[in-house]
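Subject: Structure handover

Hello,

Please read the notes with the model open.

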Amino acid sequence: MSTALGALSGKERSAAINFWAFVLILALTVFALNFYFSTVRSSEENAARDLVAEIQVLSQEVAKFSGEAAAGNFDAFEELRVTRARTATILSDLQRGNADLPGYANDPVVGSVLDRLATTWSPINANAQRILDSEEMLLDLAETARGFSGRIQQLQVAVDRAVGEMANAGEPSRQIRTASNQIVLAERMVRYVTQILQGGGDAVSGADRLSLDAAAIAQTLEALSGAASDPNIRRVDSAAGQRALAEALEVYGGVQSDVDTILDSASDLNEVKEAAARIFEDSARLLNGARDLNTSLSRLPEERMFPGIWVGAIAG
């Protein structure tokens, strides 16, 4: 280039030098701007990737806390509430931006992947809200179920005592077998309540069977005590047997109250269980969607023109 410049006049050499100086200054300016904005974008994208990594963790936590809350775990409701709110905030920040990063909703590389992630989150968010809206019912039901197990044990003890008094008084063996069978029915009711609380396909049949067994126990105890008539069940004659049966009926009153509460809540509980099950399934898709978004964010420096790797290479 020096030989070429030497062949030029002074004025031409000056113009050429000025031109190349301008090109150099422009290249340095572009390089500096590219470096500066690349640093800014890198910081923003690191912050975005940190948020996406947090979503990956939250995707597992929302499934865990949803299941625990649906089971009536008191502490899980607050954990679910915080997890749901945090996930929604992160997605909003990624879409619309915040003080530390721009919004990526309209980004040509990231926008569509982010939109799919938000779409995956939408039913999880709705189902989590469904569980949170049922907090009072679920906690009351969990407390009722715990009380029910204790009252069933009391009922079995009371019926067993009545069976003993009936045997001591020489009551007919058929009456004694009828009374003794109520202990078996009571134990079966505990299994049906467990099925209801677990939800799923067995919950409906469990509720039906619980209702039938509860009615059968009440009818049998009342017939044995003479409080109600049944052509197939003879009234117990002995005073000791009657006293024991009266005690069993008193205990059964609490059992029946629990049964009514559980049956009244069974339908809503099953819906909540289904919501928790759907969250569990969708949480895997949320995790995979977050991984895809992280990959897209990592591609941004290569995909965009400015600031970008190619501009830096050319200007440098």
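H6 has 26 residues and spans 38 Å from its first C-alpha to its last, close to the 38 Å expected at 1.5 Å a residue. The expected span is 1.5 Å times one less than the number of residues in the helix. Helices here are DSSP runs (H or I, at least four residues), strands are DSSP runs too (E, at least two), and both are numbered from the N terminus.

This is a predicted model, in which local features need pLDDT of at least 70 and side-chain atom pairs count only at pLDDT 80 or more, while totals for chains, interfaces and linings use all residues. Residues are numbered from 1 along each chain as its sequence is written, and side-chain values use heavy atoms, with hydrogens and water left out.

The buried residues of H6 are Gln175, Ile176, Thr178, Ala179, Gln182, Leu185, Ala186, Met189, Tyr192, Val193 and Ile196. Buried means under 20% relative accessible area, exposed means over 50%, and partly exposed lies in between (1.4 Å probe, protein chains only). An α-helix has 3.6 residues a turn, so residues three or four places apart point the same way. After H6 comes Gly199, with a positive phi near 75 degrees.

H7 covers residues 201–225, which is 25 residues, and reaches 38 Å from first to last C-alpha, close to the 36 Å expected at 1.5 Å a residue. Gly226 follows H7, and its phi is also positive, near 90 degrees.

**The chain as a whole**

There are nine helices and zero strands in the chain, so the DSSP elements read α-α-α-α-α-α-α-α-α from the N terminus on. Of the 316 residues, 40% are buried. Among contacts (heavy atoms within 4.5 Å) with a separation of 6 or more, 76% are between residues 24 or more positions apart.

**The nonpolar core**

The largest nonpolar core holds 76 residues. Such a core is a set of buried Ala, Val, Leu, Ile, Met, Phe, Trp, Tyr and Cys residues joined through side-chain atoms within 4.5 Å. Leu94, Ile131, Phe148, Leu155, Met189, Leu210 and Leu293 have the most contacts inside the core. Two or more residues come from each of helix H2 (10–70), helix H3 (74–96), helix H4 (111–133), helix H5 (135–168), helix H6 (173–198), H7 and helix H8 (239–303). H8 gives the most to this core, with 19 residues.

What does Leu94 touch, not counting residues up to four places away in sequence? Its partners are Ala48, Leu51, Val52, Ile55, Leu101, Pro102, Gly103, Tyr104, Ala105, Leu114 and Leu293.

**H5 against H7**

Two packed helices are described by the angle between their axes and the distance between the axes. The axes of H5 and H7 come within 13 Å and cross at roughly 35 degrees. Axes are lines fitted to C-alpha atoms, for helices over the stretch in contact, and angles run from 0 to 180 degrees between N-to-C directions. The crossing of H5 and H7 is left-handed, meaning that the near helix is turned anticlockwise from the far one by less than a right angle.

On the H5 side the contact is made by Phe148, Leu155, Val159 and Met166, and on the H7 side by Leu210, Ile217, Leu221 and Leu224. These residues divide into eight nonpolar, no polar and no charged. Ala, Val, Leu, Ile, Met, Phe, Trp, Tyr, Cys and Pro count as nonpolar, Asp, Glu, Lys and Arg as charged, and the others, Gly among them, as polar.

**Single positions**

- Ser296 is found in H8. Ser296 counts as buried because its relative accessible area is 5%. Leaving aside neighbours within four places in sequence, Ser296 is in contact with Val109, Val110 and Val113.
- Asp292 is found in H8 and is partly exposed, at 43%.
- Gln129, in H4, is partly exposed at 26%. Gln129 and Ala275 are 146 residues apart along the chain, and their C-alpha atoms are separated by 9.4 Å.
- Ser149, in H5, is partly exposed at 32%. Its C-alpha is 9.2 Å from that of Val193, 44 residues away along the chain.

Regards
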